[in-house]
Amino acid sequence: MPQRPLKQRIGPFALARTLAWLRLCAIAGQSMAVMVCSWWMQINIPTLSLLLGIDMLAVFAVFAAWRISQPWPVREWETVCHVAADTLVLGYLLYFTGGASNPFVTLLLVPIALSAAALSERAVLAVAAIAVAAYTVLLHWYVPLPMNQFTLDDNGFSLHVAGMGVNFLITALLLGFFINRLARAVRTQQLEVQRVRERALRDEGILAIATQAAGAAHELNTPLSTMRTLLPELRREHAADRVLDEDLELLEGQVDRCRTILREMVAFGKAQLSQEPERVALSAFIHGCVERFQLLRPEAELQLHVQSDLDNTTLSTPPGLRHALLNLLNNAADASALRDSNSVTLEVRRDGDWLEWIVRDLGPGFTSTGAPASIGKSDKLSGLGIGLALAEATAERLAGELIATSTENGAQMCLRLPLAVITEN
């Protein structure tokens, strides 16, 4: 389900959603209060008029619930209108039940407190003005409550004092609960802002590295072409020296390998710009990744485990997935080497609507055994330190996640990707 824009997580939308829940509580509480006062306590109040006001609030509650479920953003003035409607209905109910002398008149302060936590100063002033206007009207125009000496117990507490106690309890619960909800929404937004900032810094670093890599690839092509031209001539000139010939042959192969890597970099860049996904069978994709990894790390002992029901799966993925998986495998090989091991395990399995690529090593693992580890923090001493960052960026671009976990014998990296994104429909 798509998330709402960040600006909709707090402010007017959060307050409108809070008011929607508060409105339901008000409808239930007001209905119960009217029935108790009219039928059980036998107080002569205009029951039908009060129930009509509660019905109007219920109709508005249905409209407000429909409104906040719509995709377009909730504006501040809309939220103020919601508060005005709630205040109008509350003022209507208080008019028939003693006006400002009703102990529940202090409920007019609740929207002001909630607005102060979510709206701008101008909007809070508007809400306060609405509440003050309602209170002023109720000071002069209202239907007095019948003078009833009914008491709650033998101690002689009047109905008014009891109502003040109930009102205090309701106000405390409402403010505590709903302001806590607003504060939690603010904390959620702060965490999201922090994650966005960290992701932007990481992407900026990746972009800088990519720019440097593109420049280096362009510059390396000339010396590689020169070496590729000179090496065959050197081999012919020193054909009698067998040892030197073997070294030159190896060097020629490394030069060809470098040229192949540069061509792949260019092809990868073009594929990224075109945004066209690569369509390939899962088995062929895994085989290609394993073959490339074994060329890069011939000393590694790779154990492959693929879930049997994935044989007929066809991937539709951008080229970045292959590089992310190779980075994880390469990091795992480096980690295992720290403990004089060449063992690396790749497991591919399906977990519900997710496809998991799990890479395990026999290295020193992360800082805390068995607990999720921070991306990019391990005991690995060599390398450029960008492999995990690139893999994590690829996971986020494909709506997935990269989970790092320490195990008893090393570390585990789990690249989880949604099947709906990476498989062909």
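Q: What makes the contact between Arg416 and Asp351 a salt bridge?
A: In this predicted model, the closest N and O atoms of Arg416 and Asp351 are 3.2 Å apart. A salt bridge is a side-chain nitrogen of Lys or Arg within 4 Å of a carboxyl oxygen of Asp or Glu, so the name applies here. The two partners come from distant parts of the chain, with Arg416 in strand β7 and Asp351 in strand β4, 65 residues apart. Strands (E, at least two residues) and helices (H or I, at least four) are DSSP runs, numbered from the N terminus.

Q: Why is Arg416 called buried?
A: Buried means under 20% relative accessible area, exposed over 50%, and partly exposed in between, using a 1.4 Å probe and protein chains only. Arg416 has 12%, so Arg416 is buried.

Q: Why does Asp351 count as partly exposed?
A: Its relative accessibility is 40%, so Asp351 falls in the in-between class.

Q: Which residues are linked with Arg416 in a network of salt bridges?
A: The network links Glu347, Arg349, Asp351, Glu356, Arg360, Glu401 and Arg416. A search of the whole structure finds 13 salt bridges.

Q: How do you know that Glu78 and Arg67 form a salt bridge?
A: Their side chains come to 2.7 Å, N to O, so they qualify. Glu78 is in helix α3 (residues 76-95) and Arg67 in helix α2 (residues 47-68), so the pair joins parts eleven residues apart in sequence. Both residues are buried.

Q: What is meant by the largest nonpolar core, and how many residues has it?
A: A nonpolar core is a set of buried Ala, Val, Leu, Ile, Met, Phe, Trp, Tyr and Cys residues joined through side-chain atoms within 4.5 Å. The largest has 36 residues, and Leu355 and Trp357 have the most contacts inside it. Helix α9 gives the largest share, eight residues.

Notes:
Residues are numbered from 1 along each chain as its sequence is written. This is a predicted model: local features need pLDDT of at least 70, side-chain atom pairs count only at pLDDT 80 or more; totals for chains, interfaces and linings use all residues. Side-chain values use heavy atoms; hydrogens and water are left out.
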